[in-house]
Amino acid sequence: MSIVEVKVPQLSESVSEASLLTWHKKVGEAVNEGESLIDIETDKVVLELPAIKSGVLVKIIKADGTKVASEEVIAQIDTEGVATVAAAAPPAAPAAAKAAVVPPAPAPAAAKPSAQPAAVSPSARKLAHAHDVDAASVPGSGKKGLVTKEDVLGAVQQATSLNSVTPVAVPTGDRPEQRVPMTRIRQRIAERLLQSQANAAILTTFNEVNMQPVIELRNKYKDAFEKKHGVKLGFSSFFVKAAVMALQKFPIVNASVDGTDIIYHGYFDIGMAIGSERGLVVPILRDADQLSLADIEKRIADFAARAKEGKLTMEELSGGTFSITNGGVFGSMLSTPIINPPQSAILGIHATKDRPVAENGQVVIRPMNYLALSYDHRIIDGREAVQFLVAIKEALEFPGRVLLDL
């Protein structure tokens, strides 16, 4: 017998504990090196824990739902063992359990348990967990019956449609309710929002920006840009560049509070708020001042894709000296964003809409965007906040300054 310990990976300094979700293997089952054993949920991401060696899972030390810390031993694998449990779970058990709470199915449906999928893809498993869907009950369309993310999305949409007509919650009557525990990520989001409002003197200032120059520049070069760099030229990169230029002029906005000290950061790590299936995440554009427009667009596109799959790492979600949130993608016209602690400010971007504005004594129509800067008034005075937002406005209305770093 040769025992290998399965340990929780090293968590980031800002994460004290994590929760075990669902074991994908049972004691006595064979495991292959690199095969996912269990998903571990922190307050920022869901991590897949793969087997570091092939063998047999001989002991599960920590059960589903247990809170664990970095490097904690949660299971054991015998690299010389022989499997005593079949890899595929008997299909009859889940069917029997469901029969106790679900009305009897018509006779033709009785044979369906034998068609249970052989496996669930990691992305599908995470999506199912986020929506409280039993992935094992979803028919798989992948190879050998693999349940894919698309299969789970279909099940979620179908459940949503059914719930709008006939509630699936257990309580009867015309006012059903359903109690669902928050995920760790949702709990952490709630904690940080309350922490931000309780520990900072938050104030918001507004301004408007004429997006016509940026739109014209983008329309002129977007095809050539995409052909050369392999990514679309969006507006996010212009906002990031404009923010960095403003932060360089007003370093107090890039600072943070530590007790009675002010920490001035000599680097520009910009957090980009992204809405995902499991909640809001804020991956970090490290050293944004050193990135080109193409670099920024590529990284944001990568962050957005991996946020949907729950594959952002804790390192990518940690740190940051300033944040940008874009409610305009959802149609927001105006908002007061909440600071992401320990940062001292956050920029809110909104939907660009044609509006009548006055230019040289004439009323003209321009694509306008309302900007909002929420800031910690403990260290940032109103003068600096307003001037900072004006600097962003000027950088966007004269985008040549962004490109020429003026």
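How exposed is R286, in relative accessible area? I looked this up before anything else. R286 is partly exposed, at 31%. I note here that the model is predicted.

**Entry: the partner of R286**

I followed the R286 side chain to its charged partner. R286 forms a salt bridge with D269, and the closest N and O atoms are 3.6 Å apart. D269 is buried, with a relative accessible area of 8%. I then placed both residues.

**Entry: other salt bridges**

How many salt bridges does the structure hold? I find 9.

D302 forms a salt bridge with R306, with 2.8 Å between the closest N and O atoms. The two residues are 4 apart in helix α7, which puts about one helical turn between them. I checked accessibility for each partner. D302 counts as partly exposed at 35%. R306 counts as buried at 16%. I also looked for further links from this pair. D302, R306 and E316 are linked in a network of salt bridges.

Next I went to helix α8. The side chains of K393 and E397 meet in a salt bridge of 2.9 Å, N to O. K393 and E397 are 4 residues apart in α8, again separated by about one helical turn.

Is D78 buried or exposed? I find D78 buried, yet without a salt bridge. The nearest side chain of opposite charge is K53, and K53 is 12 Å away. A salt bridge needs nitrogen and oxygen within 4 Å.

What does the D78 side chain reach instead? I find the backbone nitrogen of S2, at 3.1 Å. I listed the surroundings too, leaving aside neighbours within four places in sequence. D78 is in contact with M1, S2, I3, G55, V56 and V58. As for its place, D78 is in strand β8 (residues 73-78).

**Entry: strands around β6**

I turned to strand β6 (residues 55-60), and began with its pairing to β8. β6 and β8 pair in the antiparallel sense over 4 bridges. K59 stands opposite Q76 in β8. I then looked at strand β3 (residues 30-31). β3 is joined to β6 by 2 bridges, and the two run antiparallel. V31 stands opposite G55 in β6. G55 is also among the contacts of D78.

**Entry: the open sheet**

In what order do the strands of the open sheet of 4 strands run? I read β5-β4-β2-β7, with antiparallel pairing. The edge strands are β5 (46-50) and β7 (67-68), each pairing on one side only. I checked one pairing in detail. Strand β4 (residues 36-41) and β5 are joined by 5 bridges and run antiparallel. E41 stands opposite V46 in β5.

**Entry: aromatic rings**

How many aromatic pairs are there? The count comes to 1. The rings of F322 and F388 have centres 5.6 Å apart and planes at 65 degrees, so I log the pair as edge-to-face. The cut-off for that label is over 60 degrees. F322 lies in strand β16 (residues 322-326) and F388 in helix α8 (residues 382-397), so the pair ties together parts that are 66 residues apart in sequence. I checked burial as well. Both F322 and F388 are buried.

**Entry: I270**

I270 is in strand β12. What is its relative accessible area? I find 0%, so I270 is buried.

I270 and I324 are 54 residues apart in sequence, but 7.3 Å apart in space, C-alpha to C-alpha.

Note on methods. Residues numbered from 1 in each chain as written. Predicted model: local features only at pLDDT ≥ 70, side-chain atom pairs only at ≥ 80, totals over all residues. Heavy atoms only, no water. Buried < 20%, exposed > 50% of the residue type's maximum accessible area, 1.4 Å probe, protein only. Lys, Arg positive; Asp, Glu negative; His and termini not counted. Polar contact = N/O pair within 3.5 Å; in protein donor to acceptor, adjacent residues only side chain to side chain. Contact = heavy atoms within 4.5 Å. Pairing = 2+ DSSP bridges. Phe/Tyr/Trp six-rings, centres within 6.5 Å; stacked < 30°, edge-to-face > 60°.
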